[in-house]
Amino acid sequence: MGNSIQIARIFGIPIKIHVSFLIVLPFFAWVFAVQPEPYGFAGTQPETLRYAFALATAILLFASVLVHELSHSYLSLRYGTGIREISLYLIGGVSAMEGELRDPAKEATMAFVGPLSSLIIGIVLLAVNYLFNPAASTAEGNALFMMIFILGYINVILALFNLIPAFPMDGGRILRALLASRMNFVEATEKAATLGKILALLMGVVGLLTSFWLVIIAIFIYMGASAEERQVKSLRY
Ligand SMILES: [Zn+2]
């Protein structure tokens, strides 16, 4: 992918961030700074502390997306499929594999380990906040526990969102793996991608009536589903 900057190498895999990060990261930090407690730091004083926590939360959020991607990559390497690079984007990351896993059981496991890692991170952080936060409620507590709560909460949401059984979510890969045991790989991909597109259209319609964010996510899902379908067809034919 063009316009990406390599920031690290882990397990020998280049980790790249897209240049849009230079806008996206401050934007997320700003969202955390203006959101009221417990989902942001709007009431935290002094102001420098508020922005420091907001920025740290944004950076740690992307770090947890990286852990999610690395968990996919780690299993992929163990299964003998190389990973060309990991790119971190706006809503998530993409692990570019060298070739496709064609063993349904392995593909399902590899897809599942990402949401599983997000879920574990999320539950651990929420549990830490629940057990150790001395305040009566997170919203009244200090900024450190607020940060732990926000990161835990978003990681749980990310895990559940990724389990939706439609491309391009990890759940789409799990679904394709299940379908692929009964039909060929291309047909299974088409079915999972079609489900993704239907879901995206429904979300888009609901989003137009309710939330702008939902429309953005719907466009992201539609494009991802189409890309997955195109890629698999070009591999096959
Ligand atoms: Zn994933």
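Close-up 1. Isoleucine 120 sits in helix H3. Helices (H or I, at least four residues) and strands (E, at least two) are DSSP runs, numbered from the N terminus. The model is predicted: local features need pLDDT of at least 70, side-chain atom pairs count only at pLDDT 80 or more, and totals for chains, interfaces and linings use all residues. Residues are numbered from 1 along each chain as its sequence is written, and side-chain values use heavy atoms, with hydrogens and water left out. Isoleucine 120 has a relative accessible area of 48%, so it is partly exposed. Buried means under 20% relative accessible area, exposed over 50%, and partly exposed in between (1.4 Å probe, protein chains only). On the surface, Phe112, Leu116, Ile120, Val124, Leu160 and Leu163 form a nonpolar patch with about 500 Å² of accessible area together. Patches are made of residues with over 30% relative accessible area and no salt bridge; like charges are joined within 9 Å, and nonpolar side chains (Val, Leu, Ile, Met, Phe, Trp, Tyr) within 5 Å. Areas come from the Shrake-Rupley method with a 1.4 Å probe; for residues, only the protein chains shown count as cover. Helix H3 (residues 104-132) gives the most to the nonpolar patch, with 4 residues.

Close-up 2. His68 (NE2), His72 (NE2), Asp170 (OD) and Asp170 (OD) are the protein donors, lying 2.0 to 2.7 Å from the zinc ion. Donors are N, O and S atoms within 2.8 Å of the metal (3.2 Å for Na, K and Ca); water is not among the atoms, so sites may look incomplete. Along the chain, the donors follow the spacing H-x3-H-x97-D. The site is irregular, with angles of 53 to 149 degrees among its 4 donor atoms. Four donors count as tetrahedral if all angles lie between 85 and 135 degrees; four count as square planar and six as octahedral if opposite donors are over 155 degrees apart and all others between 65 and 115; anything else is irregular. Both histidine 68 and histidine 72 lie in helix H2 (residues 47-78), 4 residues apart, about one turn of the helix. Histidine 68 is buried at 6% relative accessible area. Histidine 72 is also buried, at 5%.

**Close-up 3. The largest nonpolar core.** This core has 14 residues. Those with the most contacts inside it are Phe32, Phe41, Phe53, Ala54, Met147 and Ile150. Helix H1 (21-34), H2 and helix H4 (143-162) each supply at least two residues of this core. H4 gives the largest share, 6 residues. A nonpolar core is a set of buried Ala, Val, Leu, Ile, Met, Phe, Trp, Tyr and Cys residues joined through side-chain atoms within 4.5 Å.

**Close-up 4. Salt bridges.** The structure holds 3 salt bridges. Each is a side-chain nitrogen of Lys or Arg within 4 Å of a carboxyl oxygen of Asp or Glu. Glutamate 47 meets arginine 50 at 3.1 Å, N to O. The two are 3 residues apart in helix H2, so about one helical turn separates them. Glutamate 47 is partly exposed at 45% relative accessibility, whereas arginine 50 is buried at 11%. Arginine 173 forms a salt bridge with glutamate 107, the closest N and O atoms being 3.4 Å apart. Arginine 173 lies in helix H5 (residues 170-180) and glutamate 107 in helix H3, so this pair ties together parts that are 66 residues apart in sequence. Arginine 176 also forms a salt bridge with glutamate 107, with the closest N and O atoms 2.5 Å apart. Shared partners join Glu107, Arg173 and Arg176 into one network. Both arginine 176 and glutamate 107 are buried.

Close-up 5. A cis peptide bond joins glutamine 45 and proline 46, with omega about -5 degrees. Proline 46 lies in the loop between H1 and H2. The bond from phenylalanine 167 to proline 168 is cis too, with omega near 5 degrees. Proline 168 lies in the loop between H4 and H5. Phenylalanine 11 has a phi near 50 degrees, a positive value in a residue other than glycine. Its place is the loop between strand S1 (4-10) and strand S2 (13-18).
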